[in-house]
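Student: Hey, I've just opened this one and I'm new to it. Can you walk me through it?

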Amino acid sequence: MLNLNPTGRSLAMLDRQYYENLRGALQKVADDLALAAEADGAFIIILEEDQRFSPLLAGGRVTENERAIFMTAMLDPETDVLIYRMLARPVTLISNMVETDPRVSPSIVTQLGMSAVVSVPVMREGRLAGMVLVVRRGQNDPFTHTEVRMVEWFATAIALALENARLYHETQSRLAESQALHQVTLALLHKLDLEEVLQIICDEALSLTRASGSAVALLEEEGWLRIPYTTGKVPEVQGRVTVEKSVIGMAIRRGEAVLVNHPSEESISGLPMSILAVPLRSQNKIVGVLQLTHQGQSFTPDDVRLIQVFADQAAIAIEHARLSRQVQEMAVIEERHRLSRELHDSVNQLLYSIMLYSEAAIRQAEQSDWERARQHLERLRESAQEALKEMRMLIFELRPSILGQLGLRAALEQRLRLVEEQVGLTAALKWRVNSPLDKHLEETLYGIAQEALNNIVKHARARNLFVHVVQSGQSLILRIEDDGVGMDVENLPVAGLGLKTMRERAEAIGGKLSLQSALGQGTVVTFEVSL
């Protein structure tokens, strides 16, 4: 599975770091507040999103025992009068007789054994976000109006700090999400195999939401979805489901995300299951659904928002993989058509010539014209040899290429051994390359080499050929030379001998192709490209 956060931190770790950073920033504020108010301690409590009060930190001259009592306290409004009053009416409360004041006792302040307290609400956007408690022990002087105003001013500053910390946390979370999605998108677009793309989508959707199961359903003919891949615990199995009668199909019918938290009708192992189904939309067209499941937990609005963004990118990757598969299929069909044309145009004609020479030789033999019969048989032998060469090349092209598995050198060695040497040529390969070659470059080099070698087998009537692949500085040179009959390069047709195809291959990667030849002096094809 991919590491979704380039910094190595998960979103859960960001949550923890958020509170650590918040506590560190406010610790000095609490210490300064206790000192300025001539108090023994200053405590900060925050109100969580689920309306629970949580101790954040203790500052001032508090003992380790007092700090431990505060940080482990259960701040429940049902048992803590001060918490209850703050929730009911968030206003400043001052008590200089804690033990006998019904507004304060019992509370966390009485647990700490304090005698006086100023309790000030921390308000953010008009809502209660926490509270500040400034306390004194023993029979100290009561809090003055000035000291109370000072605590209220500090509470306002703490509210600003809380808001800034929240904004920073959200910004960091969004940045982590953005980086995660960017990494996943890059990984997806580098995968051309549809099965690999679907696996990444399901695995990373689990990672983004901490869900327990995921599945991808792709839209087939109208009314049906096919589920080709699932991971974790999901209600559906791989196969086909109807759009009309499935939870996953509801996202298709509505054209939007469907969220069902803890549905009673869906469960695995007896635990309630939450389901989130998001349409996979590419170019305003729904191509499928991404489904996530949570056992015993609910999806949050943030989960829905994040998966909707992820689903849009996943849909693009799915369509990219589908198009790549179609291109590969078209390439296979085109290659079959090319081989069919080769068989028809060359081998078929040669076989027809063999038949004609055979019939002519039989007629001459019946007439006892042995010299002409010998000539026809000689031509028959030559045509059969040409047909054999053509068939060897076509059979070799039908074999699975080892280029992608073992590289260019192994592919060239195999070609020379199975084709050129089998038709009687003495072939040699010189390889002097210092660094690994790019896959696309290897494919171009092999395509040019194969075209040049085919020309030698078909037309050159050579006895020897040499293939050189040499790295010279930042350049790579492919040179193929033979000792055949050569050609008049000045009067060569533009598209003759596959030269147009070779030049197009060379120009596509910024290389240069040259041809040197003369009648009776062999041919040299050279391709040079910068690495």
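Student: In what order do the five strands of the open sheet come?

Tutor: Keep in mind that this is a predicted model. The order is S13-S14-S15-S17-S16, and the pairing is mixed.

Student: Which ones are the edge strands?

Tutor: Those are S13, residues 426-432, and S16, residues 512-517; each of them pairs on one side only. Going from one strand to the next, the twist averages 10°.

Student: Back to S13 and S14: do they run parallel or antiparallel?

Tutor: Parallel, with seven bridges joining S13 to S14, which covers residues 464-472. Thr426, for instance, stands opposite Asn464 in S14.

Student: And what does "parallel" pairing go through?

Tutor: In general, strands of a sheet pair through backbone hydrogen bonds, and that can be parallel or antiparallel.

Student: Which strands does helix H11 lie across?

Tutor: H11, residues 408-420, lies across S13 and S14, and runs at about 175° to S13. Then there's H12, residues 439-460, which lies across S14, S15 (475-482), S16 and S17 (523-530). H12 runs at about 10° to S15.

Student: New topic. Where is Ala205 found?

Tutor: In helix H6, which spans residues 194-209.

Student: Is Ala205 buried or exposed?

Tutor: Buried, because its relative accessible area is 0%, and the cut-off for buried is under 20%.

Student: What does Ala205 touch?

Tutor: Leaving out residues up to four places away in sequence, Ala205 touches Leu290, Leu292, Ile307 and Phe310.

Student: How far apart are the C-alpha atoms of Ala205 and Ala314?

Tutor: They're separated by 9.8 Å, though the two residues are 109 residues apart along the chain.

Technical notes
Residues numbered from 1 in each chain as written. Predicted model: local features only at pLDDT ≥ 70, side-chain atom pairs only at ≥ 80, totals over all residues. Heavy atoms only, no water. Pairing = 2+ DSSP bridges. Helix = DSSP H or I, 4+ residues; strand = E, 2+ residues; numbered from the N terminus. Axes fitted to C-alpha atoms, helices over the stretch in contact; angles between N-to-C directions. Contact = heavy atoms within 4.5 Å. Buried < 20%, exposed > 50% of the residue type's maximum accessible area, 1.4 Å probe, protein only.
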